[in-house]
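Hello,

Here is the structure I promised to pass on. My notes follow below it.

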Amino acid sequence: MNMMPAAPVWGDMIRPDRVRGALYRDPAIFELELEHIWYKTWVYVGHESEIANPHDFVLKSIGLQPIIMSRGGDGQVHLLLNRCTHRGNQVCPKEKGNSPMHTCPFHAWNFGSDGKLLGYAFPEGYDGLDKSKHGLGRVPRVASYRGFVFGSFAADGPSLEEHLGGAAETIDRLCDNAPEGEIEITAGFLKHRVKANWKFILENETDGYHPAFVHSSIFSVADSAIGGLYGAKSTALTRDYGNGHTELDLRPEFRKRDQMLSWFGTTPDRLPDYVAKMNSAYGEEKARKIMIDGTPHVMIFPNLFIAEIQIFVIQPLGVNDSVQHVTALQFKGAPDLNRRMRQQTMGSVGPAGFLLADDSEMYERTQRGIQAHDTDWVFLGRGGHRERRDADGFIVSHATDEVPSRGIWKHYRSLMERA
Amino acid sequence: MIATLADSDLRHAVEQFLFREARLADEHRYEEWEALWTDDAIYWAPANGDDIDPEKEMSIIYDNRSRIGVRVRQLLSGKRYTQDPRSGLRRIIGNIEVLGREGDDVRVAANALVFESSQRGETVWASRNEYTLRRTGEGFKLARKKVALVNNDRALYTMSFII
């Protein structure tokens with residue numbers, strides 16, 4: 001351990017309006033991020049609806065660590081380490097399924113869906129093995145917000161609600177768009193790999209400066225009103241919620257339009273069942289407001305992006321290797337809207353998506369670009385002169401301003417310096 | 001009509017069509033490629049298995065005729081950056097089997113191996129393809145193409161060319 005080089009001086013690498021390219025390029029920094037971000041703070045793991053029934057499980061990850069998200073027989077959600085407590089073998093190789101137990105194929109050690117060690121082969125070979133001490137490892141803290149399950153490897157620290165802070169309201173706002181107040185993740189994930197650092201993805205999700213250029217090809221050929229949201233005259237806002245959470249708040253534009261479901265590029269007559277259910281769930285006045293505002297475009301640090309009709313989960317594999325897991329959001333009780341959300345998601349995201357293939361191209365090109373050191377600054381100063389505070393005290397600015405990147409890096413620096 | 005073709009003639013016509021479709025895709029001849037499709041076309045690359053229900057689960061590509069048109073127009077826009085510069089492509093279509101005929105439709109299956117060279121590097125894409133070819137006055141048209149990538153359950157790099 002004492003062979004480790006001295007820790008970076010973060011203040012030399014991260015300034016309020018610029019950061020060093022080495023932060024995206026240096027494998028030693030990636031290792032420090034695993035330790036101080038991925039294996040410490042709250043990280044999004046999965047949604048409760050992915051394991052709806054007792055003994056359902058699905059494989060997930062936190063940083064590089066393989067996780068089984070499992071529902072025990074009693075309904076409780078567990079985040080178990082997918083590593084046999086005997087000799088470290090991967091216990092579960094199956095992406096998802098339902099099973100009251102997981103048997104390690106190496107020496108037939110048996111674990112329950114709650115992670116407890118149930119049994120092992122040829123017990124006479126042990127002089128009394130305390131099963132209670134050999135259950136699967138688990139993520140020490142597990143918490144859920146509106147069905148979104150997060151894990152933290154830190155035994156102590158801020159609660160999930162403290163971590164989410166003001167950004168929790170965006171998840172509430174999302175769930176309000178479902179007639180039954182809940183979202184579901186049931187359509188399977190597209191997994192899109194990029195040869196780029198995870199933070200390029202993190203920062204791009206709420207960057208409102210790039211769409212007019214990176215996505216001009218699809219805006220020009222598809223009948224889409226998205227392009228105008230990111231123009232120089234847009235009234236949409238970038239917002240820094242603190243703790244690294246950032247938003248592109250499109251509501252000012254949608255409120256100007258004052259048309260229900262305009263956020264989704266459609267009209268109430270095309271989704272009559274959904275509109276009727278919303279009206280009966282919330283009353284017409286509140287339902288109208290929800291259906292004008294639409295769903296959020298928010299990046300929950302470090303890895304959950306709610307993108308109006310999709311969620312993305314960012315998985316780091318290495319300093320220049322990442323996976324974006326993406327699927328359509330599904331609203332409980334809204335089959336007509338859900339179908340359209342799936343169709344639009346398939347068109348726009350994933351390896352062949354009209355939008356995400358171009359975003360991912362930019363991630364990979366930027367990764368190549370920052371191999372050139374030059375002064376090594378990545379400049380993030382856009383809109384610094386016109387930032388202001390909103391009514392809740394959060395920093396906001398024009399849709400195309402780099403408030404989100406600055407907020408992310410401020411939080412990043414605090415996490416790395418705290419280490 | 002198809003029933004009147006001898007098996008060997010049908011097989012030859014099918015092969016020629018698939019080879020041409022492959023060449024147009026390899027050479028980024030998008031307008032000619034788009035003209036191969038029928039109005040009720042489905043262009044489908046499933047994810048997470050070969051037999052998923054694309055009406056319920058995510059697919060990598062699930063285009064109807066209108067969306068095929070959008071895909072082509074985007075590629076032709078000059079600003080589809082992921083294909084600018086374009087991927088270098090060559091593919092082999094092999095193991096072609098005529099599975100059956102129904103009216104004017106012929107169902108065909110084949111294996112495909114695509115070599116892609118891009119700025120990211122070199123990628124090999126392998127798939128089982130299923131086609132429905134429809135006999136028309138202008139020869140065969142493509143009514144359905146399913147591309148079941150062998151690794152469609154794993155994380156895939158960008159696949160923005162015509163697979």
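**Helix contact, sheets and domains**

Tyr274(A), Val275(A), Met278(A), Asn279(A) and Tyr282(A) of helix α9(A) touch Glu284(A), Lys286(A), Ala287(A), Ile290(A) and Met291(A) of helix α10(A). By class, that contact has seven nonpolar, one polar and two charged residues. Please keep in mind that this is a predicted model.

Now the geometry of the pair. Helix α9 covers residues 272-282 of chain A, and helix α10 covers residues 284-293 of chain A. Their axes come within 7 Å and cross at roughly 125°. The crossing of α9(A) past α10(A) is right-handed.

Next, the sheets. I have two to report.

One is an open sheet of three strands in chain A, ordered β1-β2-β22, with antiparallel pairing. Its edge strands are β1 (14-15) and β22 (377-379) of chain A, and each pairs on one side only. β1(A) pairs with β2 (residues 18-20) of chain A over two bridges, in the antiparallel sense. Within this pairing, Ile14(A) stands opposite Val19(A) of β2(A).

The other is also an open sheet of three strands in chain A. Its order is β3-β12-β11, and the pairing is antiparallel. At the edges stand β3 (43-47) and β11 (141-145) of chain A. Each has a single partner strand, so one side of each is left without a neighbour in the sheet. From one strand to the next, the twist averages 30°. β11(A) and β12 (residues 148-152) of chain A run antiparallel and are joined by five bridges. One residue pair to look at here is Val142(A), whose bridge partner in β12(A) is Gly151(A).

Last, the domains. How is chain A divided? The domain assignment gives domain 1 (46-152) and domain 2 (166-418). The C-alpha centres of these two domains of chain A lie 32 Å apart.

Over to you.

Best wishes

Conventions:
Residues are numbered from 1 along each chain as its sequence is written. Chains are lettered from A and ligands numbered from 1 in the order in which they are written. This is a predicted model: local features need pLDDT of at least 70, side-chain atom pairs count only at pLDDT 80 or more; totals for chains, interfaces and linings use all residues. Side-chain values use heavy atoms; hydrogens and water are left out. Axes are lines fitted to C-alpha atoms, for helices over the stretch in contact, and angles run from 0 to 180 degrees between N-to-C directions. Helices (H or I, at least four residues) and strands (E, at least two) are DSSP runs, numbered from the N terminus. A crossing is left-handed if the near helix is turned anticlockwise from the far one by less than a right angle, and right-handed if clockwise. Contact means heavy atoms within 4.5 Å. Ala, Val, Leu, Ile, Met, Phe, Trp, Tyr, Cys and Pro count as nonpolar, Asp, Glu, Lys and Arg as charged, and the others, Gly among them, as polar. Two strands pair if DSSP finds at least two bridges between them. Domain bounds come from an automatic or database domain assignment.
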